[in-house]
Structure formats: C-alpha cells, structure tokens
Amino acid sequence: MSATANSVWNNCLAFIQDNIQPQAFKTWFEPIKPIKLTDKALSIQVPSKFFYEWLEEHYVKLLKVAMTRELGNNAKLIYVIKMENKYGNKEPFTEQIPSSNRTAVGPQELDVPITSKSPELKNPFVIPGIRNIKIESQLNPNYNFDNFLEGDSNRLARSAGMAVANKPGGTSFNPLLVFGGVGLGKTHLAHAIGVEIKDKYPEKTVLYISAEKFTQQYIESVKKNTRNDFIHFYQLIDVLIIDDVQFLSGKSGTQDVFFHIFNHLHQNGKQVILTSDKAPVDMQDIEQRLLSRFKWGLSAELQSPDYETRVSILKNKLYRDGVEMPEEIIDHVAKNIKTNIRELEGAIISLIAQSSFNKREVTLELAQQVVDKFVKNTKREVSIDYIQKVVSDYFEMDVATLQSKTRKRHIVQARQLAMFFAKKFTKASLASIGSQIGKRDHATVLHACKTVDNLAETDKQFRKYIEDLNKKFT
C-alpha cells in the first residue's frame, strides 16, 4: 500500500508520543494536520508562525528522526501556515516554510590537562572553571551548506570546504584560505564548514572568531599579563576559523602570537580555516613567514556569481521564506544586481517587506525602484584597486606603469590623481593608500593630494581630467 500524508504523519506521531511528555504532545503535536505528501516532502499545517518557530526551536531533532524513519535520509518537512486575510478578499492566504532541520550549536566542553603549577586556564570568551571549560563555538547554524548554493563562481571553494568538513585536519587543504570581495559568501562558507564538522564530529572543538576580536583578546591578555594562557587556550582548539584575516595587517604582536598558534595547530593535525578579502599575494603589511604559511594549503577564490547562480540564490531565498514571486521579477533582480550576493538577497528582502508591510503587490515597477536603490549604492563603494584601474584606463596605460618608479610627467600626474581619488572615495589611511599605489609612504600621498588641488586651480586641462574621472566614480 502506498504511503499517504495521513499514514506517514500518524506513524511519526506514534514515535514522537513515545519520546515526549503527554502535555507537550497534546499542546504541540495534536493540533497539526497533514496536508500532502509529494516524493519525500511532507507538508503539515500548523496554526501560526509562533507555533512553527516553537517546533523548529524545541522539537526539530525529534521531527527529523521521525521523518527519516518514515521517508529515509532525504525526507523533507514543509510547514503550511494559514493566515487570516484582513485586506480586501476574505480568502485566507498561506505561507509555506521548509524546516531548517537544524538546532543551535551547543557549547563545547573541554578537559584541560593540568601541567603547570597554576591550574587555572584563562578562556578569552568566558572566565572559566579550573579543569573543565565551556567554549561557545560562535557558529551560526543558519549559515550551512544546504543554503550555500553551488555555481561556477564558488565550486572550488565549496568543494574544498566540504572535503575539510568531512576530514578536518586530514586533507592537504590546511590551512584553507577562502578569499573574495564583499558579500560573496566568505563568512557563510566558513560557518558552513564549522556547522558541518560539528554535525559529523560532535566531539571536536570548533571555534569561529573574527580577526578583529582575536586582536582585542590578545591586547587584553598583554594588559593582564596572561599571554601564555591566551596562546595555550587557542592551541587546544581542533578547528580554528578566523574571519577577515587581512585585519591582522600592521599588527605585528598579534601576527607573532598567531604564528605560534598556527604552527602548533598545523603540526598537531588540527584544521585552520581563514577568510580574507584579498589573495595572500595582495595582502599588505603581513609578515612574510605568515604569508608563506597561508599558502601551504589551498587558497580558493569566491568570485561574483553568474546569472544562473544568481537566479538560483533568489529562488532558494524565496522558497525558504515561503514566498512566491513572478519569474519576470526574479529575472529583473538577477540581471541588474551582479556583484554581490548580500545585495542580491537584500533586494529580494526589500521586495518582500514592501509587499507585506504596505500591502502592495510585487510588480515589475516596484522591483525596478528597489533595484535602482541597490545599484546606486553599489556604485558608491569604490576600492583603491578599482580607482587605479579606472585612472590607468583613462590615461591609456596599465596599472603596473601607474605604480612604477618612473618620473615621466604624465605617469606621475596619473599616479597623483589615483592617490587623490583614493583619499576622496575610500576610508583607507594615507599609509595604506601609499603602500597600495606603488609602495609609497603617507608623505607622498599627502604631497600628491596638495599638487592635485593646486593644479586644479591653475591648469585647465588638468581640471578636465579631474572632472572626467570624478564622473566615473559617482
């Protein structure tokens, strides 16, 4: 006899009833109605959004086990929520939201061997007990591989991430350095690897931390004279994930301490995962010995997603939020927001918000208004690399010529203009601008900006250069 939604759900209920308190079963499971069964996806109707959130937070593991028993490993659960429609027509509208199948990542307990006369070990996150310290992994379970969609732009990084998650410390991808521009999914992928490792190896200690937070903790340990405790704590981690490692630039003390931690972890077969907004070869003010270690494993780039991947990301986002949207609107958003996944998702969230809060239908016109705002904002984000490319193209030279040591007048002027616009359009320090534009110092950048201001007032042709270039950046 083929399974029906009713038969599958009744079998699930029998299993659930044996595993929870009678009152909880009565409150949270009896009001649920099975709606339909398609392939391995069971749709169940729940009374409200709060009801769905409570089930996801408290009973998702139990539901997952029950569903797997009935429908196998690929079982899917979809919540259907009927909402009253108080606007216009009387028909209730429904939301369909898939189960995340994930609970929050719990704290990890770590038994610390007592080797010194001072048995207390300082945990930089929580002031610990003596022998057993609790470490929050700081992973976000919503950033997982299920919603990190594969495309040509991220295939290498995603595959390497999966390999590391399956065998942390046991692949040649150690460290795994994931690099790419803003909003392309570096942090998402780093969390996904950590979440997957915790699923497969619950006994492993996984820790996610930003390079900025790591630096603050190190400074604090120096102030309190607990530098050795700080190093020892990090040497106990099985999988260390450091986000935005480029923030270690110019911080020699933090780089030194990270060098020792990295060496210890690597030699002991522990996994290190790093993210950065640039490739190791482009990192400024990072010690050579650290850079060479970053290159030991695999450096995988996340690039801007192609059109097909952008469409998949949008459809996946809408599916997870239980929202349907016409193909022409998805197509319009995907065609116009090309560089940044965060902005792509931001645009679709804005459309959903406009539609639900203002009770407006999502039309192509509304999509155009929302997209125009996002595209305009994108244009304002100008990097030093982009400025150098635009200035070089304008003066018909390559970037290497612009950065060279030559004193030819037209090249010097182009270089000075690049420095001037870098100061105007980025938040970078003068020292950082100088080091990226031909390895000059901050005094050279200051002199360049003054020269450009002077020439703008006295040289008509030079003033035209500034006006032309200014249009390209605004």
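Predicted model: local features only at pLDDT ≥ 70, side-chain atom pairs only at ≥ 80, totals over all residues.

Guide: An axis is here a line fitted to C-alpha atoms, for a helix over the stretch in contact, and an angle between two axes runs from 0 to 180 degrees between their N-to-C directions. Helix α5, residues 155–166, lies across β7 (176–180), β10 and β11, and runs at about 135 degrees to β11.

The part to examine is the sheet itself. The sheet is open and has 5 strands, in the order β8-β9-β10-β7-β11, with parallel pairing. Its edge strands are β8 (206–210) and β11 (298–302), each of which pairs on one side only. From one strand to the next, the twist averages 15 degrees.

Let us begin at the β8 edge. Strand β8 runs parallel to β9, and 5 bridges join the two. One point to find on the display is Ile-209, whose bridge partner in β9 is Ile-242. Although β8 is an edge strand, 4 of its 5 residues are buried, so β8 is largely enclosed by the rest of the structure. The next pairing is that of β9 (residues 239–243) with β10 (residues 271–276), which is also parallel and extends over 4 bridges. In this pairing, Val-239 stands opposite Gln-271 of β10.

Helix α7, residues 211–223, lies across β8 and β9, at about 90 degrees to β8. The buried residues of α7 are Ala-211, Phe-214, Thr-215, Gln-217, Tyr-218 and Ser-221. They cover an arc of only 165 degrees around the axis, and therefore they lie on the same side of α7. These buried residues pack against β8, α8 (227–235), β9 and α9 (252–267). Just after α7, the chain reaches Asn-225, which takes a positive phi of about 60 degrees.

Phe-294 is found in helix α10, residues 288–294. Its relative accessibility is 0%; since buried means under 20%, Phe-294 counts as buried. Phe-294 is 117 residues from Leu-177 in sequence, yet their C-alpha atoms are 6.9 Å apart in space. Setting aside residues up to four places away in sequence, Phe-294 touches several others, among them Pro-175, Val-245, Leu-274 and Ser-299.

Thr-309, in turn, is located in helix α11, residues 307–320. It is buried as well, with a relative accessible area of 7%. Leaving out residues up to four places away in sequence, Thr-309 touches Glu-150, Gly-151 and Asp-152.

Finally, the sheet may be set within the whole. The protein contains 20 helices and 11 strands, and 46% of its 474 residues count as buried. Among its contacts with a separation of 6 or more, 70% join residues 24 or more positions apart.

Key. Residues numbered from 1 in each chain as written. Heavy atoms only, no water. Pairing = 2+ DSSP bridges. Contact = heavy atoms within 4.5 Å. Buried < 20%, exposed > 50% of the residue type's maximum accessible area, 1.4 Å probe, protein only. Arc of directions from axis to C-beta.
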